[in-house]
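Q: I'd like to learn how to read helices and strands in a structure. Can we go through one together?

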Amino acid sequence: MDPQERFAEIVALYVAVPEVTVPHGGGGFGSASLRRNGKIFAFLSHDRLVVKLPADRIRELEIEGLGEQYDGSRGRPMREWLAVAATSELDWVDVTGEAFEFVSPR
């Protein structure tokens, strides 16, 4: 399954969740993202899943070789964003669930 299909399956899991807004198209950062109460928690970028997680969790996943800090293709890492390649052993559904919980209102 290609990354777009994998992400579409994830979107389908969240489409009925009341506080979630699914991708709406358009351009710019976040236009093709999943949002919880307006906060972006997951999107697809260059065939990689990008999720918002705590910095310590990102470091842990980087050490395990399961993802890397996302840089937005600008060469400067973005705090609390992890990019997961299609070839990673990290389960996209599970890590998206972690991101959903991370952006939960505190």
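Q: Which residues in α1 meet which residues in α3?

A: Keep in mind that this is a predicted model. From α1 come Pro-3, Arg-6, Phe-7, Ile-10, Leu-13 and Tyr-14, and they meet Trp-92, Val-93, Thr-96, Gly-97 and Phe-100 in α3. Sorted by kind, the residues of this contact are eight nonpolar, two polar and one charged.

Q: At what angle do helix α1 and helix α3 pack?

A: Helix α1 covers residues 3–14 and helix α3 residues 92–102; they pack at about 50°, and their axes lie 11 Å apart. That angle is why α1 counts as oblique to α3. As for handedness, α1 makes a right-handed crossing with α3.

Q: Now the strands. Is strand β3 mostly covered or mostly uncovered?

A: Here's a general idea to start with: side chains in a regular strand alternate between the two faces of the sheet. In this case, β3 (residues 39–45) is mostly covered, with five of its seven residues buried.

Q: In which sense do β2 and β3 pair?

A: Antiparallel: β2 (residues 33–36) pairs with β3 over four bridges. If you want a spot to look at, find Ser-33, which stands opposite Phe-43 in β3. In their hairpin, two residues sit between the strands, and Asn-37 takes a positive phi near 50°.

Q: And how many bridges join β3 to β4?

A: Four bridges, and β3 and β4 (residues 48–52) run antiparallel. Ser-45 stands opposite Arg-48 in β4. The hairpin of β3 and β4 has two residues between the strands, and there His-46 takes a positive phi near 50°.

Terms used. Residues are numbered from 1 along each chain as its sequence is written. This is a predicted model: local features need pLDDT of at least 70, side-chain atom pairs count only at pLDDT 80 or more; totals for chains, interfaces and linings use all residues. Side-chain values use heavy atoms; hydrogens and water are left out. Axes are lines fitted to C-alpha atoms, for helices over the stretch in contact, and angles run from 0 to 180 degrees between N-to-C directions. Angles under 35 degrees count as roughly parallel, over 145 as roughly antiparallel, 65 to 115 as roughly perpendicular and the rest as oblique. A crossing is left-handed if the near helix is turned anticlockwise from the far one by less than a right angle, and right-handed if clockwise. Contact means heavy atoms within 4.5 Å. Ala, Val, Leu, Ile, Met, Phe, Trp, Tyr, Cys and Pro count as nonpolar, Asp, Glu, Lys and Arg as charged, and the others, Gly among them, as polar. Buried means under 20% relative accessible area, exposed over 50%, partly exposed in between (1.4 Å probe, protein chains only). Two strands pair if DSSP finds at least two bridges between them.
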